[in-house]
Amino acid sequence: MTITDVRLFAYRQGQWRGRLNEQPHVDDSVPTTATLPPAAARGALGRPLPTGTAALLSAAPYPRTPACPADTALPPGDRLGHLLVAGLGLQRREPSNRFNDHRAIASVRSKFPVHAFVVAPDGSTAYLDLYRHALVDLPVAVTADGDLAELLPAPGEATVLLAARYTDLPTPYGRLRCALALLELGVNLRALHVAADLMDIRARQHWDGADVTAAGRLIARSGPGAWTPPLVLTLQGVGPLPPARPLPHSREPGPLQYAEDDARLRQESRHASLLDSAEITMPLTELSRAELSRAELSRAASEPARGVPELPARDGGTARLDWAQALWNRTAGRTPEGVGGFSARPTTLGEDFLTDLLAWSALPAPGPLAEVGRMVRGTVALQRVAGLPTGRYTAVDGRLEPDHPDPGLMQALQDSFSYPLTPVVDCGLRHASAMWVFSADLDAILDAFGPAGWSLLQLWCGWATHGVATAAAAHGLFARPARSFEEYRMQYLMGLPQELVPVFSVTCGRSRFAEPMLDLRT
């Protein structure tokens, strides 16, 4: 895989997609493999996840961490279980929303393509099934002398693997499923780090290609599927895990229970766009120790990273809530039944919101992602925030530099959005409080990081996006991640130089639509 191949792939789903008539028109009735557990993760044995995670989080006010200090006595395995539920667990169902269920992490049409696998110190492996509220046993054992030995954690630790399955996203997205899967992988990575901070656990990421390759082998043994290269994390201090046992109300599935979804999985995994995606992301599995030993990467790769920034505790402002509510609030926007898009209403926000937004977006990502992040520009359109003039600003080292005042900027951004305001589609961008745009010089990133640069860029954007979304949720705002814009128009509106191309955006605002919701937290 050459840099030229990666560049052409990136341009086809970026600046060129409109000119090549490859803009996806997604039919929401197209079935996907979302919520389908891997074939080997459907058995009756495993470890039930603990209950009471929401109660633990509600005892800690935002932004204080940890919510559950390391010296808090918990049953064996419960700290890991609470961490997984806090980071990735179900939150709610919304009666008027056709895209359910909702979690504390963003996902395209709530498909949630990122799956989590766990390796215990005894070599046993499991799949995180949030709908069964359990770590379900996999028939794969990790041994010290086997081909998965790199994944074996030390006593008191656990290895967590994150990987996105492309077929969980609608097929009409085509090549764009590659970028979306990597973006959501970065979102889930940040979510786990946030949960680790809340549970007083150190999370260390492994970037060496041998570890990533071993993780890919383990996931492949869980059954058929087309997956992104996995992310590998060690969670330090989770304590011993309980032995596996029969899960309540579980039985082995019959031969026809998943037949239709399994057939779809096998067929869609051979889609031509996914074969391209596998080649483009392959460099992530080829990062060698030699490459990671560069001075600027070795320090970042060897130290555990935080997910929650250091923020001052306040009595005033709009973020007077606990962590359970902060995570519950995370949403990509609301509309009434039968209306797509997202609604918004004008609201005035103080300096505390801006401080949180900047701190969450600026927190360095782990490993080489931190170096990629230094090559990404954050440009922010603001209105009615902290008394600042409406217009665009550049984020530099956790602070804003004024760029250009423009009272009509939000309306112009809405006019250039990919879906317009219609009787059946709402677009509340004109009333939004902030629109965050990440842009980068792709050629410079590929020169610096080689063919892996584009994939690392998507992961970093996911990491930063989850930070922006969490800051917004803490202040009762929605945060809508999107690539629904024409790059050249966005480039002009955000005053970007020719070499900087918009990669991703997040729009934050106050929803004008609300209704009672079904609480799914435990």
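**Reading the model, sheet by sheet**

Analyst: Let's begin with a sheet. Six strands make up an open sheet, ordered β14-β13-β12-β16-β18-β17, and their pairing is antiparallel. Keep in mind that this is a predicted model.

User: What holds strands together in a sheet, and which strands stand at the edges here?

Analyst: The general idea is that strands of a sheet pair through backbone hydrogen bonds, in either a parallel or an antiparallel way. In this sheet, β14 (399-405) and β17 (478-482) are the edge strands; each has a single partner strand, so one side of each is left without a neighbour in the sheet. On average, neighbouring strands of this sheet are turned by 25 degrees against each other, direction ignored.

User: How many bridges does the pair β16 and β18 have?

Analyst: Strand β16 (residues 434-440) and strand β18 (residues 501-509) pair over seven bridges, in the antiparallel sense. To find one by eye, look for M435, whose bridge partner in β18 is T507. There's a helix to spot here too: α11 (residues 351-362) packs on the sheet and touches β12 (376-382), β13 (391-396), β14 and β16. The direction of α11 makes about 25 degrees with that of β16.

User: What is the strand order in the open sheet of three strands?

Analyst: That one runs β3-β2-β19, again with antiparallel pairing. Its edges are β3 (102-103) and β19 (518-519), each with a single partner strand, so one side of each has no neighbour in the sheet. Strand β2 (residues 90-93) is joined to β19 by two bridges. In one of these places, R93 has L518 in β19 as its bridge partner.

User: Now β5. Is it mostly buried or exposed?

Analyst: Five of the five residues of β5 (residues 125-129) are buried, so this strand is largely enclosed by the rest of the structure.

User: Which strands does β5 pair with?

Analyst: One is β4 (residues 114-119), which pairs with β5 in the antiparallel sense over three bridges. V118 stands opposite A126 in β5. The two strands form a hairpin with five residues between them, and G123 in the turn has a positive phi of about 90 degrees. Another is β6 (residues 134-138), antiparallel to β5 over five bridges. There, L128 has L135 in β6 as its bridge partner. β5 and β6 also form a hairpin, with four residues between them.

User: What should I look for in the backbone angles?

Analyst: Now look at H133, in the loop between β5 and β6. Its phi is near 50 degrees, a positive value in a residue other than glycine. D200 is another case, with phi near 60 degrees, and is found in the loop between α4 (176-198) and β8 (202-206). At 36% relative accessibility, D200 counts as partly exposed.

User: Last one: what pLDDT does the protein average?

Analyst: The average is 92, and 96% of the residues score at least 70. Over residues 294-301, though, the pLDDT is below 50. Beyond near neighbours in sequence, that stretch has twelve contacts in the model.

Terms used: Residues numbered from 1 in each chain as written. Predicted model: local features only at pLDDT ≥ 70, side-chain atom pairs only at ≥ 80, totals over all residues. Heavy atoms only, no water. Pairing = 2+ DSSP bridges. Buried < 20%, exposed > 50% of the residue type's maximum accessible area, 1.4 Å probe, protein only. pLDDT = per-residue confidence, 0-100. Contact = heavy atoms within 4.5 Å. Axes fitted to C-alpha atoms, helices over the stretch in contact; angles between N-to-C directions.
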